[in-house]
Amino acid sequence: MSYHEDMLRPIVGAKIVGLAECPGEMNEQYVGLVVRKTLPGNDKTFVIWAERDPEGNGPGAFGLQEVDEGEGE
């Protein structure tokens, strides 16, 4: 399993519940998705930030691809 798969596994089954913003240096604006995963007796909330690289050296961009049912699983 890759680094990114390990990092994202906790949000599998989570629901997107909002958007997040955070100002960065030099007038850069970080954006993210707020997701919530409901577990019996234990809800967890995460923010998925769009970052330029794994170290967070600046804002990045999301890629969004719609897939037909049954694809991408």
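Visitor: Where does leucine 8 lie?
Guide: Leucine 8 sits in helix 1. Helices here are DSSP runs of H or I with at least four residues, strands are E runs of at least two, and both are numbered from the N terminus. The model is predicted: local features need pLDDT of at least 70, side-chain atom pairs count only at pLDDT 80 or more, and totals for chains, interfaces and linings use all residues. Residues are numbered from 1 along each chain as its sequence is written, and side-chain values use heavy atoms, without hydrogens and water.

Visitor: Why is leucine 8 called partly exposed?
Guide: Its relative accessible area is 39%. Buried means under 20%, exposed over 50%, and partly exposed in between (1.4 Å probe, protein chains only). Leucine 8 is therefore partly exposed at 39%.

Visitor: What makes Tyr3, Met7 and Leu8 a patch?
Guide: Patch residues have over 30% relative accessible area and no salt bridge; nonpolar side chains (Val, Leu, Ile, Met, Phe, Trp, Tyr) are joined within 5 Å, like charges within 9 Å. Tyr3, Met7 and Leu8 form such a nonpolar patch on the surface. Together they have about 310 Å² of accessible area, by the Shrake-Rupley method with a 1.4 Å probe.

Visitor: What volume does the largest pocket have, and which residues are closest to its centre?
Guide: The volume is about 530 Å³. Of 17 lining residues, the closest to the centre are His4, Met7, Leu8, Ile48 and Trp49. A lining residue has an atom within 4 Å of a pocket point. Helix 1 (3–8) and strand 3 (42–49) each supply at least two residues of the lining.

Visitor: How does the lining of the largest pocket divide by residue class?
Guide: It holds 13 nonpolar, two polar and two charged residues.

Visitor: Why is valine 34 called buried?
Guide: Valine 34 has a relative accessible area of 16%. That is under 20%, so valine 34 is buried. It belongs to strand 2 (residues 29–39).

Visitor: How do you know that glutamate 28 and arginine 52 form a salt bridge?
Guide: The rule asks for a side-chain nitrogen of Lys or Arg within 4 Å of a carboxyl oxygen of Asp or Glu. In this pair the closest N and O atoms are 3.4 Å apart. The pair therefore meets the rule. Glutamate 28 is in the loop between strand 1 (15–23) and strand 2, arginine 52 in the segment after strand 3, 24 residues away. By this rule the count is one salt bridge.

Visitor: Are the two partners, glutamate 28 and arginine 52, buried, partly exposed or exposed?
Guide: Glutamate 28 is partly exposed at 21%. Arginine 52, at 52%, counts as exposed.

Visitor: What makes glycine 63 exposed?
Guide: Its relative accessibility is 75%. That is over 50%, so glycine 63 counts as exposed. Glycine 63 also lies in the segment after strand 3.

Visitor: Why is glutamate 55 called exposed?
Guide: Glutamate 55 has 60% relative accessibility, so it counts as exposed. Its place is in the segment after strand 3.

Notes
1 Å grid on protein atoms, 1.4 Å probe; cavity = no way out; pocket = protein on both sides within 12 Å on 5 of 7 lines; lining within 4 Å. Points joined across faces, edges and corners; volume = space filled by probe spheres on them. Nonpolar A, V, L, I, M, F, W, Y, C, P; charged D, E, K, R; others polar.
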